[in-house]
Amino acid sequence: MDELSTGRPQVLTGEASLDRPVRWVHVTEIADVRDVLQGGEVVLTTGLPLVGSQAATSRFLWQLQEARSCGLVIELGSTLPAVPSHVVAEAERLGLPLVVLNHPVRFVAITEAVHRLIVSEQFEDLQFAQRTHEVFTALSLESADTSTILKAASELISGPVVLEDVGHKVLALSAHDAEVRELLTNWDERSRRTPMLDSPGNAGPEDWLTCPVGLGGSPWGRLISPHRADEAQAAMVLQRAAQGLQISRLVERDLNRLHFQAQESLLQELQDGRVRDEATATSRAHALGVPKAAQYVPVVIQFRAVQHPDEIARQQRARSHLDAVARALRLAAIDAFAGGIADDRVGVVVALSRADDEDQIMRRLASALSNPKEGGDEQPGRTIGVGRTSSSLLVAASRIRATAHIARAAHALPDSMVPYFRSTDVRVRGLVAQLQDDERLIAFAESELAPLLAHDGEKGAGLMDLVRLFAALHGNKTAMAKAAGLSRPGLYSRLRTIETVLNIDLDEPDSMLSLGLALLIHDMRTDNVEPPTGVEPATSSLQVRRSTN
């Protein structure tokens with residue numbers, strides 16, 4: 001500063017500490033300054049506190065150090081023509097910057113200039129804080145998305161801002177003027193070396209400024225500023241950006257939840273027949289973003305069933321299935337509405353224009369659903385069932401239940417590369433799925449199995465499970481005994497009981513065919529489609545095969 005440089009300053013000690021931030025300037029000619037300093041001050045003096053015993057001067061310097069003063073500036077003159085060597089030695093020992101002015105200066109000019117500069121910087125900080133507040137308040141009111149929030153943050157701090165998840169995967173970034181390739185080189189490795197902090201701060205070998213994003217000490221990500229101009233301002237911006245991201249996430253989650261609830265409600269009402277007018281159905285679907293279409297396709301996605309004793313965990317898993325389907329529909333740009341129809345199943349009604357190719361649309365859905373990098377389902381073991389198309393939304397929605405049976409039947413088949421299944425793909429299972437509410441089919445299954453079901457209900461003999469083994473293993477008694485953990489005589493005894501209860505001969509081909517079909521009908525209607533442990537699905541019992549046993 002000109003006001004100080006006219007005094008021809010000379011640094012005697014503390015060169016390594018000249019970068020200390022100056023909070024204020026204080027002029028003193030008294031030796032006891034313990035009660036007048038608050039820290040961060042540069043102390044100006046004509047040297048009167050240093051005229052005296054060595055102990056007194058040492059105590060004065062120690063008080064400056066204890067008060068965390070930035071340094072001591074002494075104007076040499078009649079009061080103190082030269083700085084005593086013991087003062088220089090003590091200041092050196094304390095690491096206190098000691099500066100002498102070899103020409104008289106006006107202390108008031110120095111204090112006014114410094115205070116004016118400090119106040120100006122404080123005012124600029126206040127202006128910056130106000131601007132930051134206004135920017136992020138406006139973004140919150142506008143429900144800005146992630147990219148908009150990051151762009152605003154990077155512009156405010158004039159540097160790149162990166163949002164990553166807790167697994168160090170980059171979710172979004174605003175590079176500002178930085179080179180993206182250079183910025184993200186070996187990102188996960190570099191990020192792992194930077195510890196997660198509970199509040200904005202610097203960490204890691206590259207001195208990254210980081211800020212957690214999340215609620216209540218449970219962050220779902222963090223913001224990182226690898227390069228910035230002003231540390232304090234950047235920390236403030238990242239904190240406001242983190243709050244904006246969390247608000248955006250909560251708002252989006254609430255909106256998605258409400259949207260999902262609206263879709264599920266419509267799907268359930270259509271299935272239950274509570275909406276009887278086609279115009280009402282299509283108008284409600286249109287309000288959910290699904291245009292009136294030439295054709296509607298019922299689709300059901302069957303996920304792998306997992307038993308959750310915890311009700312909350314069960315609901316969360318069901319919601320994750322619906323989220324995965326919704327993301328896949330958005331990714332594939334498919335007009336549709338969806339809703340959970342069971343914990344492990346999601347129903348979808350797809351709207352097709354006259355120009356749409358149904359098979360192509362289904363392949364796009366299957367591809368999007370199985371692509372976790374693009375937001376698809378990361379859990380394996382999901383199967384897509386496709387029902388019969390209709391020009392009526394009411395009719396298509398009413399076929400969701402039959403389509404669910406197709407999806408469940410296909411899910412029980414051995415692994416296949418087929419992206420989706422229709423009733424013809426699951427053969428007799430598909431036929432049963434379409435006719436499963438036909439009273440004649442139900443009566444047939446009841447007449448075949450009712451005595452056995454009653455016997456098991458009364459005595460708990462588990463004969464139904466043995467019949468399932470019989471159908472699944474095509475009557476191979478050796479394989480049945482092994483799968484059931486029974487001796488051959490024990491197995492024969494139980495088979496004779498089954499023959500007696502049902503009044504049939506199990507060795508007759510018609511018995512195997514009738515029992516297999518009746519079991520298929522019964523299990524589909526009771527949602528029990530998993531094959532017996534260690535054997536192929538029971539559908540094979542309805543196919544003509546030769547047995548060597």
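Me: At about what angle to strand 11 does helix 13 run?
Reply: In this predicted model, helix 13 is made of residues 400-411 and lies across strand 11, strand 12, strand 13 and strand 14. Taken against strand 11, the direction of helix 13 makes an angle of about 40°.

Me: Which strands stand at the edges of the open sheet?
Reply: The sheet is built from four strands in the order 12-13-11-14, with antiparallel pairing.

Me: Which residue is the bridge partner of Gln295 in strand 13?
Reply: Strand 11, residues 295-302, and strand 13, residues 345-352, pair in the antiparallel sense over eight bridges. Within strand 13, the bridge partner of Gln295 is Leu352.

Me: What angle does the direction of helix 11 make with that of strand 14?
Reply: Helix 11, which covers residues 358-369, packs on the sheet and touches strand 11, strand 13 and strand 14. Between its direction and that of strand 14, the angle is about 160°.

Me: Is Leu441 buried or exposed?
Reply: Leu441 is found in helix 15, which spans residues 439-459. Its relative accessible area is 18%, and the cut-off for a buried residue is under 20%, so Leu441 counts as buried.

Me: How far apart in space are Leu441 and Leu517, C-alpha to C-alpha?
Reply: Along the sequence, Leu441 and Leu517 are 76 residues apart. In space, the distance from C-alpha to C-alpha is 9.7 Å.

How values were computed:
Residues numbered from 1 in each chain as written. Predicted model: local features only at pLDDT ≥ 70, side-chain atom pairs only at ≥ 80, totals over all residues. Heavy atoms only, no water. Pairing = 2+ DSSP bridges. Helix = DSSP H or I, 4+ residues; strand = E, 2+ residues; numbered from the N terminus. Contact = heavy atoms within 4.5 Å. Axes fitted to C-alpha atoms, helices over the stretch in contact; angles between N-to-C directions. Buried < 20%, exposed > 50% of the residue type's maximum accessible area, 1.4 Å probe, protein only.
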